[in-house]
Amino acid sequence: MVSLSNRTGTNSMEANGNPPLLELTGISVEYGAVRALDDISMQIHAGEIVAVMGPNGAGKSTVLKAVMGLAPVVSGTVYWREQQLAAETHEIVKEGIAFVPQGRRVFTHLTIAENLEMGCIYLNDRAEKFRRLDSVMELFPVLYEKRRDYASQMSGGQQQMLALGRGLMASPELLLLDEPTLGLAPIIVREVFSKVAEISERLNTTIMVVEHNIKGVLDIVDRAYVLDKGTVVHNGTPQSIRDTDILTQVFLGSA
Amino acid sequence: MPFGTQRIRELTGLVRDPAQLARHARSNIELWASLFIIGWAIAFMFWQGVGFAIIIGTVFAIWAILSVSLNLIVGYTGLLSVGHVGFFGIGAYTMAVLTSNPAYEQLRTEAIPTFGWPFFAVLPICAVLAGLAAVLVGVVFNRFRDDIFVLASFGFAIISFNVFLNLRPVTRGAFGIHEIARPQIGGWLFDGELEFLLLCLVFLALVMLVSWFIVSSSFGRVLTAIREDEQAIEVFGYKATHYKLAVWVISAMMAGIAGGLFASWTTFIDPNSFILLESVLMVSIVILGGLATIWGSLLGAMAFVLLEEGMRFIPYLPAEYIGQARQAALGIMLVLLMLFRPQGLVGRYRL
């Protein structure tokens with residue numbers, strides 16, 4: 001088990017100087033007449049945990065959907081290892097980006113093991129599939145305990161662990177988490193965050209997490225983007241966010 | 001770390017613990033439903049004699065092929081289709097046109113093209129043509145989901161019926177096609193009812209085997225995932241439309257085979273065998289037996305045929321009311337089932 005205090009801010013230093021793993025330049029997204037994202041630019045470096053925060057309707061989830069090719073991007077480019085990223089979801093998955101959608105979205109009529117299997121479509125090697133199943137179940141002991149059960153028999157927190165594990169089955173380099181603590185009890189929220197930190201630590205996976213739960217997420221991330229009304233209003237370390245009143249401004253409205 | 005089979009079985013949960021087996025045994029409504037229907041079938045056989053039971057058995061086998069194949073799309077993939085009869089009809093008309101007796105056809109007015117091919121050469125063509133039609137229809141239908149899909153499949157059933165009725169140079173419309181060939185291997189003609197029953201059962205077994213392979217493979221698990229949450233599965237890089245099209249075509253090919261068997265068995269078909277009601281009955285059988293279970297569809301088809309044919313022998317019921325009484329009884333049975341056991345006889349899911 002990894003303690004949270006050791007984590008913060010280690011990877012961002014290594015990242016300095018290297019080209020970003022994922023780069024969004026001038027991304028705008030429009031849902032009909034509504035402009036959800038307006039000229040957003042972001043850089044994610046390998047090994048980082050980056051939070052995307054902001055009030056409801058700020059366009060947090062849309063950032064992840066734009067990366068995954070699930071949102072109508074009207075302008076701008078997403079670069080993956082300095083190459084333009086494909087537009088189709090299945091091509092993006094092949095590149096090594098996994099998305100854990102909001103609201104867990106587990107398949108309730110499949111068992112835990114079968115749910116996990118859904119996460120690795122492009123893996124034809126049977127032995128490798130079981131090796132990954134083994135390592136994911138080692139990371140999430142609860143999934144091993146309940147592996148025979150249907151996902152519908154799990155609690156919300158366990159389903160969230162399953163959703164995380166299913167994302168990891170693709171052995172991604174970049175894991176996109178959309179509100180992983182939505183609707184969970186505070187004690188489970190802490191558990192989810194510590195798991196996210198553990199994933200980053202043990203698998204060296206780069207993680208981009210959209211979160212509502214500011215307190216918990218600032219403890220585990222290296223950097224955070226604060227969004228408001230479709231634009232980035234702040235970008236910096238958790239400390240720089242705690243030092244300013246930027247969150248108060250965007251969440252409660254500036255005075 | 002070495003990866004033994006035992007470890008793999010343990011990880012995937014294939015090793016069942018006794019507690020789980022006990023949990024299964026406690027929900028034994030399924031067992032009783034199966035025993036009751038099979039017992040009913042055996043009693044029916046003794047009551048009405050083996051000769052009649054053989055005929056009923058053939059009807060059952062054809063309905064069972066249709067319902068098992070329909071369950072792949074309605075039950076496993078969650079696409080409620082009432083257009084299955086269209087593929088059944090395409091299979092039947094393929095068999096009829098390609099195998100009907102040329103000597104007989106020449107004597108009739110409005111001659112249609114005849115070929116007089118043997119049954120076993122045409123049966124694969126029935127499957128292929130039904131599959132081709134399914135590709136064309138499926139590419140369009142893939143844009144729809146839920147209620148709109150039901151309406152679209154409804155449209156397909158109506159259109160296919162009207163094609164059978166009005167494409168007279170090929171189907172001879174309402175007059176139907178006579179003298180459809182019976183199966184023949186060398187000099188051995190399948191003219192006996194028992195032989196035909198066995199042939200149908202062989203094809204039923206094949207269809208069940210293929211269905212079983214599909215649903216127990218990772219392909220089948222993707223279908224279940226599509227049924228549960230199509231958008232979520234696409235996030236993992238699956239192209240849901242490809243999977244849906246694949247299972248739609250496989251299911252249609254099975255229906256095409258059922259159509260070929262049906263045409264050859266009755267030796268006469270007309271468009272009235274391929275009306276929308278038949279499709280509704282197929283969906284009813286799937287719901288009656290239970291969604292996403294092969295055994296359930298088999299049981300549903302058995303119960304349906306026993307009910308339908310069994311009503312014939314209800315005492316004191318005038319013959320002219322039997323037809324209506326059958327449909328009323330089926331309707332009442334479905335309403336009762338939806339009230340008290342919405343997951344069907346042996347199913348786990350609700351519609």
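# Exercises on a predicted two-chain model

Strands β4(A) and β5(A) pair antiparallel through two bridges. Pairing here requires at least two DSSP bridges between the strands. Helices (H or I, at least four residues) and strands (E, at least two) are DSSP runs, numbered from the N terminus.

This is a predicted model: local features need pLDDT of at least 70, side-chain atom pairs count only at pLDDT 80 or more, and totals for chains, interfaces and linings use all residues. Residues are numbered from 1 along each chain as its sequence is written, while chains are lettered from A and ligands numbered from 1 in the order in which they are written.

## Exercise 1. The sheet of chain A

Work out the strand order of the open four-stranded sheet in chain A, and locate its edges.

Step 1. Start from β4(A) and β5(A). They form a hairpin with two residues between them. In the turn, A:Arg81 has a positive phi of about 50 degrees. A:Tyr79 lies opposite A:Gln84 in β5(A).

Step 2. Go to the other partner of β4 (residues 73-80). Six bridges pair β4(A) with β1(A), again antiparallel. A:Val29 has A:Val73 of β4(A) as its bridge partner.

Step 3. Continue from β1 (residues 22-31). Seven bridges join β1(A) to β2(A) in the antiparallel sense. A:Leu24 faces A:Met42 in β2(A).

Step 4. Read off the order: β2-β1-β4-β5, with antiparallel pairing. β2 (34-44) and β5 (83-84) are the edges; each has a single partner strand, so one side of each lacks a neighbour in the sheet.

## Exercise 2. The overall form of chain A

Compare the radius of gyration of chain A with the globule rule.

Step 1. Count elements. Chain A has 11 helices and 10 strands.

Step 2. Apply the rule. The radius of gyration is taken over C-alpha atoms, and the globule rule is 2.2 Å times the number of residues to the power 0.38. For 255 residues the rule gives 18 Å; the radius of gyration of chain A is 18 Å, so chain A is as compact as a globular protein of that length.

Step 3. Along the principal axes, the C-alpha atoms of chain A fill roughly 55 × 40 × 35 Å.

Step 4. Check burial. A residue is buried if 20 or more other C-beta atoms lie within 10 Å of its own, exposed if 12 or fewer, and partly exposed in between, with C-beta atoms placed from the backbone. By this test, 47% of the 255 residues of chain A are buried.

## Exercise 3. Core and interface

Trace the largest nonpolar core, then describe the side of chain A that touches chain B.

Step 1. Define the core: buried Ala, Val, Leu, Ile, Met, Phe, Trp, Tyr and Cys residues joined through C-beta atoms within 7 Å. It holds 175 residues; A:Leu176, B:Ile65, B:Ala130 and B:Ala258 touch the most other members. Helix α4 (residues 50-76) of chain B gives the largest share, 15 residues.

Step 2. Count the interface. Contact means C-beta atoms, placed from the backbone, within 7 Å. On this basis, 28 residues of chain A are in contact with 21 residues of chain B. α5(A) provides the largest share of the chain A side, six residues.

Step 3. Sort by class. Ala, Val, Leu, Ile, Met, Phe, Trp, Tyr, Cys and Pro count as nonpolar, Asp, Glu, Lys and Arg as charged, and the others, Gly among them, as polar. The chain A side has 14 nonpolar, six polar and eight charged residues.

Conventions:
Two residues are in contact if their C-beta atoms, placed from the backbone, lie within 7 Å.
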